[in-house]
Amino acid sequence: MADPAAPGGIQIEGTGKFYYPSGATYEGQWKLLNPPLPPPVEDPKEAKKKKAKDEPPPPPPEPPKRVRHGEDNLNPSPETDSVRARSTDVGFVALSFGVLAALLHLSATLYDQGVPYWQIHAVLGTAAAINWKLFDGTRQGLGLALLCGLGAPAAELVLLKLVPLWHYPRGDLLGGSFVSWVFWCYFAYMPALGSMARYLWSTMREMEQQQQQQQQQP
């Protein structure tokens with residue numbers, strides 16, 4: 001039976017019968033001369049420090065992920081995908097500029113014929129909206145068209161003040177120095193410029209892919 005006072009419950013003395021290889025026997029008391037030492041009692045604080053030292057450091061926190069709302073270049077809308085695919089055709093780009101030229105010619109004709117400005121607004125506004133729908137149709141394209149329709153006339157006003165090389169004889173804005181329907185002319189520029197930009201972007205992307213493939217070839 002194990003001695004409860006012994007370290008780890010190991011029996012260090014007792015009685016029993018022993019058999020030797022020579023055939024002799026011994027029966028009586030015995031005692032373990034070199035009992036194992038009890039394990040050292042470790043300070044809880046030191047044990048905690050040692051455990052913290054042995055454990056690998058925690059991984060660094062992951063950087064916050066950017067959450068994208070709405071549609072963008074990484075997740076384009078169906079309208080954007082459609083106009084991107086059509087803009088890879090140089091004929092589509094040429095047609096968009098042809099329609100732009102026709103709209104500008106229409107505005108000049110209406111102005112020369114003395115058509116009332118409210119009618120010019122109605123005709124050019126309808127034509128510009130159809131032009132945007134056919135050659136762009138995206139929300140970002142609409143926003144850029146509105147920005148162009150407002151920003152370009154403002155820049156033209158500055159040029160008219162600095163370099164008065166042209167003027168509008170029958171202006172209805174700013175004391176007769178500017179015409180309000182010019183907004184639709186600049187609005188109509190955006191689909192053609194957008195299609196050309198997409199065409200150039202797709203062409204440059206194809207060139208980069210071809211260069212990468214050539215570099216990867218042995």
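## Reading a cavity and its surroundings

Modeller: Let's start inside: the largest cavity holds about 50 Å³ of space. A cavity is a set of points, on a 1 Å grid over the protein atoms alone, where a 1.4 Å probe fits but cannot get out. Points are joined across faces, edges and corners, and the volume is the space filled by probe spheres set on them. This is a predicted model, in which local features need pLDDT of at least 70, side-chain atom pairs count only at pLDDT 80 or more, and totals for chains, interfaces and linings use all residues. Residues are numbered from 1 along each chain as its sequence is written, and side-chain values use heavy atoms, leaving out hydrogens and water.

Biologist: Let me pick one lining residue. Is Leu 103 buried or exposed?

Modeller: Buried means under 20% relative accessible area, exposed over 50%, and partly exposed in between, using a 1.4 Å probe and protein chains only. Leu 103 counts as buried because its relative accessibility is 12%. This leucine belongs to helix H3. Beyond four places in sequence, Leu 103 is in contact (heavy atoms within 4.5 Å) with Leu 124, Ala 127, Asn 131 and Ala 188. Its C-alpha lies 7.8 Å from that of Ala 128, 25 residues apart in sequence.

Biologist: Which residues of the largest nonpolar core touch the most other members?

Modeller: A nonpolar core is a set of buried Ala, Val, Leu, Ile, Met, Phe, Trp, Tyr and Cys residues joined through side-chain atoms within 4.5 Å. In soluble globular proteins, nonpolar side chains tend to be buried together. The largest core here has 13 residues, and Tyr 111, Tyr 117, Ile 120, Tyr 168, Val 179, Trp 181 and Val 182 touch the most other members. H3, H4 and H6 each supply at least two residues of this core, and H4 gives the largest share, three residues. Another core lies apart from it, with six residues including Ala 128, Trp 132, Ala 145 and Phe 183.

Biologist: Where does Phe 183 lie?

Modeller: In helix H6, residues 182–187. Phe 183 counts as buried because its relative accessible area is 18%. Setting aside residues up to four places away, Phe 183 touches Leu 146, Gly 149 and Leu 150.

Biologist: How many helices and strands does the chain have?

Modeller: Seven helices and two strands. These are DSSP runs numbered from the N terminus: helices are H or I with at least four residues, strands E with at least two.

Biologist: What is the mean pLDDT of the chain?

Modeller: pLDDT is the predictor's confidence in each residue, from 0 to 100. The mean is 80, and 79% of residues reach 70 or more. Over residues 67–72 pLDDT stays under 50. Where pLDDT is low, the predicted coordinates should not be read in detail.

Conventions: 1 Å grid on protein atoms, 1.4 Å probe; cavity = no way out; pocket = protein on both sides within 12 Å on 5 of 7 lines; lining within 4 Å.
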